[in-house]
Structure formats: C-alpha cells, structure tokens
Amino acid sequence: MDEVIQAGLWGLVAGSALLVGAAAGFAVRVPQRVIATVMAFGAGVLISAVSFELVGEAYEQAGLAPAVVGTLGGAVAYTVGNMWLAHRGARHRKRSGHGQGQPSEAEQGGSGAALALGALLDGVPESAVIGVSLLDGGAVSMVTVAAVFISNVPEGLSSAAGMKKAGRSKRYVFGVWGAIAATCTVSAVLGYTVIGGFSPAVIAAVTAVAAGAILAMIADTMIPEAFEDTHLAMGLIIVSGFLVSFALSHA
C-alpha cells in the first residue's frame, strides 16, 4: 500500500478514537471515576511513547542538542497556545463535570470556537508523529498509534460530556470531533509527505517538537483531569499505562 495512504489511514484510526469517546460521553453517563482512570492510564501510555518513541528516536537520529531544543520548543509553543485559548474559555476543555467545567457560549462568548481550537492544539502533534514514524523503514510505529488511540478515547469522552453539560448541541459536539478526526488524518499525511523531504536532523527536531507539545499537554490537561477522581491511585494507574506502552515498544 502507498505509504501516503498508510499515513492517512493510521491517522484516521487514531483520530476516530475521539469520535468513539465522544459518542460514549454524549450518549451514556459514564462514572467520573472511570473517565479519570482511563485518562490517567492514557497519560501513562503517552508519557512512555514520548520517552522511547519520540525523544529517544530524535536523540538517536541527530544527537542531544536537536532533541533538547525541539522538545523545549514544542513545550513552549503548546504552552503559549494553551494560555491564549485558556483566556477564551478552553482552559477546562477535557473536563466533564465537577469543579470548574466548560463554559457555555452564553457564559463566555467565543468559547465554542476556543474549545475546537484547543482540541486541534492537542491532536495535531500526536497525529503528525504517526506520519513521521513511517519514515523509519516504511512501517508505522504501532506503539505511537496505540498510545494516541488510547489517550484519545477518554479525551473525547470527557470533553463531549463536558460540552453536553455546558449546553452544546449534538451537532456541535460531533461536528467538532469529526473535524478533529479528519484533521488528524491530514496531519499524519503531512507529517509523512512534508517532513519526509527534510534532513534527518530536521526530522529529529520536528519529532522532538511534537514530543514537547504532547508532554506539555499531558501535564497541563490530562493529569489534572485524572487527579480529580483517582487521587492517590493516579500514580499507580499512570505507571501501569507507562509499562504497557514500554512492553509494546520492546515486544
């Protein structure tokens, strides 16, 4: 199969998890503790993938400097974008209920667009690295795909439940996540086609940028949501997810 098509299909597979989670979050009342547990597990899986599949790969390809600079650059870019969106109502985009939930459009005008942009900010780096992973021998990194898929389910679930409680319509919720899933597909294709034309050092730096953005996203959005209901068990759950991903990467 043409590798461009492969990149798109794997990006779609990972992005479709958002729709699966959104459908569950909108249609079924999932216990908050279950959402938090899956979110913590997904965070652990992503942390492992970032460590061994992204930063580790960037280091092997180009050395320490591009890996460090790229990772810091990705974290800074994500943090700046997230701060801008937070002021426009997307600070708690992954929250589904208690505490400070998502604002409605009446409470904060423009928050709907901010939520959609926040979902893009979270999803694009994850999908791009799926396409980039095809550059290493023509086979996608199944660990990266699995990590993104597992983390996307609770993200879609929690966010969709929060959107529903904020009074947003079914059309809006599934429109947002459908668009994000489509964007994940395009991002994976661009990750393969555009980045693939650069030198190994540039590819390593771009991979590290995505890693930094993902790691910042985990710390800023996934872990706080998970801690709300898992509390002292969160560390064990995250470590479990980390070890599952680590085992898959070394299988």
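1. A contact here means heavy atoms within 4.5 Å. Of the contacts in the chain with a separation of 6 or more, 83% join residues 24 or more positions apart.

2. A word on the basis: this is a predicted model, where local features need pLDDT of at least 70, side-chain atom pairs count only at pLDDT 80 or more, and totals for chains, interfaces and linings use all residues. Numbering starts from 1 along each chain as its sequence is written, and side-chain values use heavy atoms, leaving out hydrogens and water.

3. The chain has 8 helices and 0 strands (DSSP runs of H or I, at least four residues, and of E, at least two, numbered from the N terminus). Of its 251 residues, 48% are buried (under 20% relative accessible area, with a 1.4 Å probe and protein chains only).

4. Do look at α2 (residues 32-62) and α5 (residues 142-165), which pack at an angle of about 150° with axes 8 Å apart. That makes the two helices roughly antiparallel (over 145 degrees, between N-to-C directions on a scale from 0 to 180, with axes fitted to C-alpha atoms over the stretch in contact). Among the residues making the contact are F41 and L46 of α2 and V148 and L157 of α5.

5. Finally, H231 sits in the loop between α7 (200-230) and α8 (234-249). Phi of H231 is near 50°, a positive value in a residue other than glycine. Most residues other than glycine have a negative phi. H231 is partly exposed, at 42% relative accessible area (the class between 20% and 50%).

Notes:
Angles under 35 degrees count as roughly parallel, over 145 as roughly antiparallel, 65 to 115 as roughly perpendicular and the rest as oblique.
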